[in-house]
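Work through the exercises below with the structure in view. Each task is followed by a solution in steps.

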Amino acid sequence: MKSVLDRNNFSEWYSEILKRAEILDVRYPVKGVYVWYPYGLRLRNLIYGILRALMDEEHEEVLFPLLIRRDELLKEKEHIKGFEEEVFWVTHGGTTELDVPLALRPTSETAMYPVFKLWIRSHRDLPIRVYQIVNTFRYETKHTRPLIRLREITSFKEAHTAHASRREAEEQINKAIAIYRNFFDRLAIPYVITKRPEWDKFPGAEYTIAFDTLMPDGRTMQIATLHMLGENFAHTFDIRYEAEDGSSKFVNQTCYGISERCVAAVIAVHGDDHGLVLPPPVAPIQVVIVPIIFTSGADKPSESEAVKRACNVLHHELKGAGVRVFLDDSPERPGAKYYYWEMKGVPLRIELGPRDLANNSCTFVRRDNFVKWRVPLTTAVSEVKNTLDDIQHSLHARAMERLEIGVVSDETELKNATGIVALPLCDRESCGKELEESTGASVLGEVLYASHSSGGKECIICAREAKHVLVARTY
Ligand code: PR8
């Protein structure tokens with residue numbers, strides 16, 4: 001089968017696929033800001049539907065304003081130190097200069113926490129667990145990239161929680177890790193989980209835990225982060241509650257977020273040289289039916305009619321069974337339709353022509369491996385369901401195999417390594433920085449979850465007692 005794209009040249013592959021599969025239009029004339037095409041947005045909405053359902057189990061949805069007063073944004077010293085170079089400012093209303101400049105939220109801690117102070121009075125008001133899915137703005141100075149490094153993040157799912165004790169806040173982090181694992185498992189996206197080093201934690205957090213996945217070019221992409229805020233923001237914004245014994249206590253907080261990088265991960269991790277390969281749970285179209293009708297006169301008109309009728313019946317049955325199915329009865333040639341729907345990543349194609357019909361059957365073709373087989377029309381619906389499940393499992397297994405973790409024991413081995421590498425490193429910043437500078441890779445952090453871990457016990461830089469860390473070139 002002729003390939004149309006080259007995934008080995010990932011950067012070009014990625015740009016081409018966004019265009020050809022109609023995910024994002026990158027021609028909008030503002031840097032780092034893009035337009036969702038209808039098909040891309042349907043994919044995005046199915047992915048976020050899963051996330052939303054998971055969040056709704058234990059969080060309440062809220063909607064906070066986009067604008068943040070300058071004085072509020074500047075209150076948390078560490079936080080603003082991390083974000084000051086990234087904030088877009090609104091300074092004028094028409095031609096009038098504003099008394100207080102307003103920031104476009106880069107994230108919503110400083111929008112929400114002054115309001116949390118108003119909402120929280122007693123221990124009975126706790127815990128608070130809220131989330132919103134909104135656009136946020138970051139003036140990214142590194143190379144911007146669609147879905148990956150944006151100046152307008154259009155689909156920022158941010159959760160914020162407040163608790164009576166530190167123990168409860170830590171439990172919340174663990175629950176949120178479980179939610180995120182569930183989410184990425186449903187997208188068949190493999191990941192590693194690490195505790196970020198001190199110098200790479202979220203501004204204002206006590207510590208940060210991150211999910212990273214491996215992209216086809218051997219670099220990792222951070223796809224989710226969870227931050228333990230402790231009492232830091234509570235002190236800044238004076239968020240206290242009256243405990244059962246009548247004393248006044250500061251709340252403990254957490255926040256955690258996911259952006260449309262999860263859409264980028266689905267595209268990049270599963271796609272191939274023919275285009276997108278979508279996991280069935282998030283494919284806008286799960287099955288496409290292509291009638292094989294030749295208009296050259298080779299078929300008898302009655303045969304064509306019978307094929308059309310059989311396609312309509314199958315379409316109707318699959319729809320009734322809850323499958324997202326599309327019947328492509330456009331006048332295009334079948335070959336052109338195959339090419340088109342392969343590019344769009346439709347997991348399963350059903351071809352139905354006179355010869356199939358003569359056998360009372362149809363032909364299935366899987367998008368993930370192009371395996372083709374004949375299926376009796378009477379069992380087609382149940383076979384579709386089984387096949388979609390099987391495709392999901394195969395995609396997950398294939399992606400897991402690709403996320404290999406190399407183990408190295410010294411710097412020379414590390415320099416030659418690709419992908420994610422496990423090694424022993426102490427937690428001193430000087431060692432981490434030395435390693436980052438000499439190799440061009442980044443320390444992802446201490447391993448919390450990964451298929452492999454390094455066996456070594458001594459830091460590969462200073463030979464002191466080490467932790468098991470993961471290192472990779474990153475996005
Ligand atoms: C927080 N506050 O803000 P975080 N383009 C695309 N995705 C991005 C970008 C960008 N420019 N910047 C970050 N992300 C906390 C948690 C509320 C929620 C993605 O955390 O700054 C990254 O995947 O770590 C990142 O892990 C996630 O958003 C959360 O952003």
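**Exercise 1. Backbone in the loops**

Solution. The model is a predicted one.

Task: Find where Asn 360 lies and give its phi.

Solution. Start with the loop between helix H11 (354–358) and strand E18 (361–366), which holds Asn 360. Then read the angle: phi of Asn 360 is near 55°, a positive value in a residue other than glycine.

**Exercise 2. A pair of helices**

Task: Describe how helix H2 and helix H8 pack.

Solution. Two packed helices are described by the angle between their axes and the distance between the axes. For helix H2 (residues 38–56) and helix H8 (residues 261–270), the angle is about 110° and the axes are 10 Å apart. Angles of 65 to 115 degrees count as roughly perpendicular. H2 and H8 are therefore roughly perpendicular to each other.

Next, list the residues in contact. From H2 come Leu 43, Arg 44, Ile 47 and Tyr 48, and they meet Cys 262, Val 263 and Val 266 of H8. Sorted by class, the contact of H2 with H8 has six nonpolar residues, one charged residue and no polar ones.

**Exercise 3. The ligand and its shell**

Task: Name the residues that come nearest to the ligand, and sort the shell by class.

Solution. The ligand has 22 residues around it, and those that come nearest are Glu 109, Glu 140, Gln 222, Thr 225 and Ser 259. By class, the shell consists of nine nonpolar, seven polar and six charged residues.

Task: Which atoms of Thr 107, Ile 148 and Arg 261 lie by a nitrogen atom of the ligand?

Solution. For Thr 107, a side-chain N or O atom is 2.9 Å from a ligand nitrogen. For Ile 148, a backbone N or O atom is 3.3 Å from a ligand nitrogen. For Arg 261, a side-chain N or O atom is 3.4 Å from a ligand nitrogen. As for cover, the ligand has 600 Å² of accessible area on its own, and the protein covers 96% of this.

Methods
Residues numbered from 1 in each chain as written. Predicted model: local features only at pLDDT ≥ 70, side-chain atom pairs only at ≥ 80, totals over all residues. Heavy atoms only, no water. Axes fitted to C-alpha atoms, helices over the stretch in contact; angles between N-to-C directions. Helix = DSSP H or I, 4+ residues; strand = E, 2+ residues; numbered from the N terminus. Parallel < 35°, antiparallel > 145°, perpendicular 65-115°, else oblique. Contact = heavy atoms within 4.5 Å. Nonpolar A, V, L, I, M, F, W, Y, C, P; charged D, E, K, R; others polar. Near = heavy atom within 4 Å. Polar contact = N/O pair within 3.5 Å; in protein donor to acceptor, adjacent residues only side chain to side chain. Areas by Shrake-Rupley, 256 points an atom, 1.4 Å probe, with all protein chains shown as cover.
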